[in-house]
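Thanks for asking me to look this one over. Please have the sequence and the model open side by side as you read.

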Amino acid sequence: MHIKHEAEERHVLTVTVDNEAGILAKIAGLFTARGYNIDSLTVADITENHAVSRITIVTHGPPNQIDQIHAQLERLVPVHKVVDLTEAGPHVARELALVKVAGAGEKRVEALRLADIFRAKAVDTTTESFIFELTGAPDKIDTFVTLMRDLGLVEVGRTGIVAMVRGAEGA
């Protein structure tokens, strides 16, 4: 018997939902019940009257699994719209991170130099440490965190990805 393994793909999904108690639990439960993983999750109120929220989910899996997630999300009652930004075309994805680095001497100077290159802003400074604020594409943040490991990385906090389709049209 030959087992066929499909290549996993990373997908960014936006889900427009009624802003009501329990909707996030329903969506997380959908993923949990089927053994799917959520790599990143962000939620924000997007209307003036607080009636609708936008959930951005980053997940991965073979194409048929992504299609199944999309279809099952659309079946949930408070869901208005599901858009797979990965398939919709060019999109912009950004994330915010706080990165704490401790160090002295040359390592401290190098941390500041790298922060400048990555356009990270020092939002807290003590004589022993910095907390840098960094926004950008997830790969940029991954690279910055990797470089800081050798310089005294203490802690990292990340918001999760927020994304939109490029151009004048809404998703």
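Below are my numbered points, from the overall layout down to single residues.

1. **What we are looking at.** This is a predicted model, in which local features need pLDDT of at least 70 and side-chain atom pairs count only at pLDDT 80 or more, while totals for chains, interfaces and linings use all residues. Residues are numbered from 1 along each chain as its sequence is written, and side-chain values use heavy atoms, with hydrogens and water left out.

2. **Overall layout.** The protein has five helices and nine strands. Here helices (H or I, at least four residues) and strands (E, at least two) are DSSP runs, numbered from the N terminus. The C-alpha trace spans about 55 × 55 × 30 Å along its principal axes. Of the 171 residues, 36% count as buried; buried means under 20% relative accessible area, exposed over 50%, and partly exposed in between, with a 1.4 Å probe and protein chains only.

3. **Contacts along the chain.** Contact means heavy atoms within 4.5 Å. Among contacts with a separation of 6 or more, 72% come from residues 24 or more positions apart.

4. **The four-stranded sheet.** An open sheet is formed by four strands in the order β2-β3-β1-β4, with antiparallel pairing. Its edge strands are β2 (38-45) and β4 (79-84), each of which pairs on one side only. Two strands pair if DSSP finds at least two bridges between them. On average, neighbouring strands of this sheet are turned by 15° against each other, direction ignored. Between β2 and β3 (residues 52-61) there are seven bridges, and these two strands run antiparallel. To find your bearings here, look for Val43, which stands opposite Ile55 in β3.

5. **A helix across the sheet.** Helix α2 (residues 63-75) lies across β1 (9-18), β3 and β4, and runs at about 160° to β4. For such values, axes are lines fitted to C-alpha atoms, for helices over the stretch in contact, and angles run from 0 to 180 degrees between N-to-C directions.

6. **Val52.** This residue sits in strand β3. Is Val52 buried or exposed? With a relative accessibility of 17%, Val52 counts as buried. Leaving aside neighbours within four places in sequence, Val52 is in contact with Thr16, Val17, Asn19, Asp45, Ile46, Thr47 and His80. By contrast, the C-alpha atoms of Val52 and Leu98, 46 residues apart along the chain, are separated by 28 Å.

7. **Two residues with positive phi.** Please check His50, in the loop between β2 and β3: its phi is near 60°, a positive value in a residue other than glycine. Arg119, in the loop between α4 (105-117) and β6 (121-125), also has phi near 60°. Arg119 counts as exposed because its relative accessibility is 72%.

8. **The α4 and α5 pair.** The axes of α4 and α5 (residues 138-149) come within 11 Å and cross at roughly 170°. The two helices are therefore roughly antiparallel to each other; angles under 35 degrees count as roughly parallel, over 145 as roughly antiparallel, 65 to 115 as roughly perpendicular and the rest as oblique. Ala111, Leu114 and Ala115 of α4 meet Phe144, Leu147 and Met148 of α5.

9. **Asp139.** Also in helix α5, Asp139 counts as exposed because its relative accessibility is 59%.

10. β6 and β7 form a hairpin with three residues between them. Four bridges join β6 to β7 (residues 129-136), and the two run antiparallel. Ala122 has Phe132 in β7 as its bridge partner. Phe130 and Phe132 are both buried, and they form a stacked aromatic pair, 5.3 Å centre to centre with 25° between the planes. Rings of Phe, Tyr and Trp (its six-membered ring) pair if their centres lie within 6.5 Å; planes under 30 degrees apart count as stacked, over 60 as edge-to-face and the rest as tilted. The structure holds four aromatic pairs, and ring pairs link Phe118, Phe130, Phe132 and Phe144 into a cluster.
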